[in-house]
Amino acid sequence: MKEIKLIGINGSIRKDSYNRLLLQNIGFLLPDNVKMEIVEIKDVPIYNPDDENILPTIVKDYKEKIRRSDAVIIATPEYNFSFPGVLKNALDWFTRPPNDNVLQHKIAGIVSASSGMLGGSRAQYQLRQVLLYSEMDVLSKPEIFISFADKKFSTGGKIIDETSIKLLNAFISNLVDKINKN
Ligand code: FNR
């Protein structure tokens, strides 16, 4: 079977981030031929158009990883009904300069975890809008909103909610199908 490479982008820079746990749990559920590397955006500098012709090393590295991947999974928290500024900042870098937008035509899956009852859905819809302009090829279904995230993981960080695990397996299966049909 074809080896598939995924890049997981964690939209939270928090030490005990549920979105990082969510990405890690997706990693545990992946079939043997699919590998995922999680990248952290904490050290991505603030985007400034003046700097985009000489990209910061971390941005260059992450763009290369995305370019070489078959798809990207973005995990986002919800901050004030939207996705965090640090994530927008990183995505802006990845689309620049305009003749080297590594998100363009790249397959993507979006997931979110939030301590609230809607699981980050409002953040995801705003993120989808941004990815539309970036021309990412975003998986539509199933949507993964991990609500009440503080109750969905064990102390060891394993997802313990059966409904969420079922949905995550369907998400992985649809994402892999989309990659294979590409
Ligand atoms: C939040 N949180 C939150 N949750 C939600 O469901 N809707 C919201 O609008 C917000 N707004 C919000 C704003 C700010 C500034 C913070 C810090 C938090 C709660 C948030 O989803 C929760 O802290 C998650 O745990 C964040 O994700 P990580 O860091 O655990 O991955």
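Trainee: Is E78 buried or exposed?
Mentor: E78 counts as buried, because its relative accessibility is 17%. Buried means under 20% relative accessible area, exposed means over 50%, and partly exposed is in between (1.4 Å probe, protein chains only).

Trainee: What should I know about the model before we go on?
Mentor: This is a predicted model, where local features need pLDDT of at least 70, side-chain atom pairs count only at pLDDT 80 or more, and totals for chains, interfaces and linings use all residues. Residues are numbered from 1 along each chain as its sequence is written, and side-chain values use heavy atoms, with hydrogens and water left out.

Trainee: Back to E78. Which side chain does E78 meet in a salt bridge?
Mentor: That of R122, at 2.9 Å from N to O. A salt bridge here is a side-chain nitrogen of Lys or Arg within 4 Å of a carboxyl oxygen of Asp or Glu.

Trainee: And where do the two sit?
Mentor: R122 is in helix 4, and E78 is in the loop between strand 3 (71–76) and helix 3 (85–94), so the pair ties together parts that are 44 residues apart in sequence. Helices (H or I, at least four residues) and strands (E, at least two) are DSSP runs, numbered from the N terminus.

Trainee: Is R122 buried, exposed or partly exposed?
Mentor: R122 counts as partly exposed, because its relative accessibility is 30%.

Trainee: Why would side chains pair like that at all?
Mentor: Side chains of opposite charge can pair when their charged atoms come close.

Trainee: How many salt bridges are there by this rule?
Mentor: The count comes to 13. Take K88 and D92, whose side chains meet in one at 3.1 Å, N to O. Both residues lie in helix 3, four residues apart, which is about one turn of the helix. K88 is partly exposed at 31% relative accessibility. D92 is partly exposed too, with a relative accessible area of 23%.

Trainee: New topic, the ligand. Which residues come nearest to the ligand?
Mentor: S12, R14, S17, N19 and S114, out of 14 residues around the ligand. A residue is near a molecule if one of its heavy atoms lies within 4 Å of it.

Trainee: What kinds of residues make up that shell?
Mentor: Four are nonpolar, seven polar and three charged. Ala, Val, Leu, Ile, Met, Phe, Trp, Tyr, Cys and Pro count as nonpolar, Asp, Glu, Lys and Arg as charged, and the others, Gly among them, as polar.

Trainee: What about polar atoms by the ligand?
Mentor: A polar side-chain atom of S17 is 2.6 Å from a ligand oxygen atom. For N19, a polar side-chain atom is 2.8 Å from an oxygen atom of the ligand. N80 uses a polar backbone atom, 2.9 Å from a nitrogen atom of the ligand.

Trainee: How much of the ligand's accessible area does the protein cover?
Mentor: The protein covers 73% of the 620 Å² that the ligand has on its own. Accessible areas come from the Shrake-Rupley method with a 1.4 Å probe; for residues, only the protein chains shown count as cover.

Trainee: You mentioned N80. Where is N80?
Mentor: In the loop between strand 3 and helix 3. N80 is exposed, with a relative accessible area of 78%. Its phi is near 50 degrees, a positive value in a residue other than glycine.

Trainee: And F81?
Mentor: F81 is in the loop between strand 3 and helix 3. Phi of F81 is near 65 degrees, again positive in a residue other than glycine. F81 counts as exposed, at 52% relative accessibility.

Trainee: Last one, the backbone. Which residues does a cis peptide bond join?
Mentor: R96 and P97, with omega about -15 degrees. P97 sits in the loop between helix 3 and strand 4. The peptide bond from K141 to P142 is cis as well, with omega near -5 degrees. P142 is in the loop between strand 5 (137–138) and strand 6 (144–146).

Technical notes: Polar contact = N/O pair within 3.5 Å; in protein donor to acceptor, adjacent residues only side chain to side chain.
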